[in-house]
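Work through each task before reading its solution.

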Amino acid sequence: MQNIVKEKKNNSFTKKNLLITAGIILGFLVVMYLAEGNLLNRQYKSLIVPIGIYIILAVSLNLTTGFLGELSLGHAGFMAIGAYTGALITLNLNMPEAVEFIIALIVGGFIAAIFGVLIGVPVLRLKGDYLAIVTLAFNEIIRSIINFLGITGGAMGLSKIPRYTNYIWVYILVVLTIVIITNLVNSRHGRAISAIRDNYVAAESIGLKVSKYKVMAFVIAAFFAGIAGVLYGHNLSVLKPADFDYNKSIEILVIVVLGGMGSVRGSVIAAAVLTILPEVLRAADDFRMLLYAVVLIAMMLFNSSGIRTKLEESGKLPKLPKLTRNRAK
Amino acid sequence: MALLEVKNLGISFGGLRAVDDVNLNIEKGQLYGLIGPNGAGKTTIFNLLTGVYRPTTGTIKVDGVDIVGKSPSEICQNGVARTFQNIRLFKKMTVLDNVKAALHNQVKYSLFTSFFRTSNYYQSEKQMNEKAMEILKVFDLDGQANYLASNLPYGKQRKLEIARGLATNPKLLLLDEPAAGMNPNETAELMETIRLVRDKYNITILLIEHDMKLVTGICEKILVLNFGTELATGAPEDVLNNPEVITAYLGE
Amino acid sequence: MGSVLEQLINGLGTGSIYALIALGYTMVYGIAKMINFAHGDIIMVGAYVLYVTVTQFKLPVIAAVAITVTFCAVLGITIEKIAYKPLRKAPSLAVLITAIGMSFLLQSLALLIFNANPIAFKSIIDVQTVKLGNTTVSGVTLVTLIVTMICMITLSLFISKTKAGSAMRAVSEDKAAAQLMGINVNRTISMTFAIGSALAAVAGILFVCQYQSIKPTLGALPGIKAFVAAVLGGIGSVPGAMIGGVLLGVIESISKAYISSELTDAIVFGVLVLVLLVKPSGLLGKNRIEKV
């Protein structure tokens, strides 16, 4: 019989894993060269950190949208929680930079994750369009509460946040995010999540606890959004509630959609492209929004209206994975 | 003691009594058929047995355990697996992953292991692959293990659903029209497979089917349902010669 | 800070604008089973069209209003034809994302044409403030209430009495069956989008008369709030949208006056969350059992 399933060794020291490790180190050297060398001017160097932050945001949102198949329009809300938590920690602690920042990152991620549970448990009972709208509502609720509270500086926001974020921190966290989410997706937990996306009735029938795995995916995504928020705050040094409105959530969604739902690699590439493109085009913010709109509409029409199927059948386009959830009746 | 004991089972939707006072006793290892005209409530019974609907009246015991009020996933862990009339596969997952997803509660490892791929991950995944391939082989699906489930031909999709159910290690397997849409050759082959599965895995099977050849060919006992109530129970040849049953099927 | 009665009347005013917008959401959801995210932005388009026709072309008010409403209705039909129609058989996720894209598209076009600075706009409604005892009701609120009332009565009559209205009801019950009965489904869907968008245009006109300022993101928040109203009333239900809109307006104006204006949005969205968790079908919506 042909050996369809690849034999896997029983430990982590496979050839593939060694190659990946080598790739990660090589990648770091490249990023270091770009950040420190003379190849890029200051304007482009300043994009390295935001690209990394958007990669973390997009890869984590892809877990909810691409793998769990639920549209979350509240990712910026979790990012805000992480950003404010992290900023308040480094503003109030008097510890060495590295210690303070690590605490901020971890706590920021965890508080966002806790909110992920609080919001996820009720919200994930809903499906489809309703779920999307409620996550949007929570995004707005979080933002107006931050706007209202004294500790977060109200509408003025927080300023003088130490600029701890640099390309090294970002690179480490980007790698960690990608590795953890990719590993998760290819594990028993990840299979449960994808199974729920494909058919939740069948998923229940084979003994999967649907709500548990939905919440799990949602919370893990929230955790990484929180970390991205901490990085974001310590990069800009100022935070305002208005930074985390629903447009920010959509911005992250645009990256996921462009990169392809359910594709981690796609999210990484799209995050880079969509951060660099407006800079290269030197376009005003007005055009950035137009670009997002066109990406969303064009991608959906291309993927789902049958244009792609036609192209694929005529052989003009290689077959690619597709969107998966069926319209709820 | 019977493996499945159903007493006075009933459910109403609004005013409609979809299933009324159904009693069912299936012995361990039995191959049992559930037949009846369209709309008789057969699939509704499956939905009651698997916790998709909660019965209005009656009790359901699987191997002595009362499962009324439990969620579908709990009932599955109590040893009941099923297939669906309108195939419900995980379409965008591979054939192998469809079965591995069903092994979820057989081979376990922690979320931490998932995140960081400790050696336990590689061991467990290997174990899962072996188990899954073994089951796929029974259904002659091992050659398509890496296909997307949606790319399988129809007959094979039906088989994959049975394989997936079997992977949950059930005591009782419910098959909802397993031969629907199959040609006579495929049906004959499926009959063999169902018998083989029952013997090899030592399970009990309850199936809904319209193909009388299949029903009389493999079922040891049959329950005929009409308008949600029991019309007749017994050995296939007796039941199918029952004048009431003939009337229900052919009309007056 | 006026009396409670005054707050209630103000709430009724904003609430009826929400109700007008919510009608569009609900009708489109009933027929196309999708949330038209771009619906809120039609209000904004309506506001700009009104501004251009009144201040640039110096048209009389009646003509300006007529052009605005027609423009929006045509826009609604066009959006449906270009963006939503090709996706009728696509996953709901794809449709929702397209609708979000459409909303962004309208906003960014407005941004490119008129830029982000708010434009001051003098109300076209010239009605005196009415005093009833010690409660004052502004002319705009009064007109808003009357116009909304007329729109709702007309719409209800249209849906229940005309042939086109019953076609709409049929399509929302069962698209395939309606088609078999000889109903032109495409035309019915277009008509629904046209009516919904026309109502949004009316809402837009009333909205700018109340707030007297126009900007590209003007439609976003009222749009989402109107959606909340539609859900509150029970999405798919026309009377539900009316009740939900009015209720939401009152909740908003009361919490603005007595709790905190910063927290008003949080309260409004809190209402949405609560309704969806407690009774997802809303006040007047129907429960649906999912078939397995």
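**Exercise 1.** What is the count of salt bridges between domain 1 of chain B and domain 2 of chain B?

Solution. The model is predicted, so local features need pLDDT of at least 70 and side-chain atom pairs count only at pLDDT 80 or more, while totals for chains, interfaces and linings use all residues. Residues are numbered from 1 along each chain as its sequence is written, chains are lettered from A in the order in which they are written, and side-chain values use heavy atoms, without hydrogens and water.

Step 1: take the domain bounds, which come from an automatic or database domain assignment: domain 1 of chain B covers 1-79 + 170-252, and domain 2 covers 89-169.

Step 2: apply the criterion, a side-chain nitrogen of Lys or Arg within 4 Å of a carboxyl oxygen of Asp or Glu. The count is 1 salt bridge.

Step 3: identify the pair. B:Lys159 is bridged to B:Glu189, with 2.8 Å between the closest N and O atoms.

**Exercise 2.** Describe the extent of the contact between the two domains.

Solution. Step 1: with contact meaning heavy atoms within 4.5 Å, 20 residues of domain 1 of chain B touch 14 residues of domain 2 of chain B.

Step 1: the buried area (accessible area, 1.4 Å probe, lost by the two parts on being put together, summed over both) is about 1,400 Å² between domain 1 and domain 2 of chain B. Carbon and sulfur atoms give 67% of that area.

Step 2: the C-alpha centres of the two domains of chain B are 26 Å apart.
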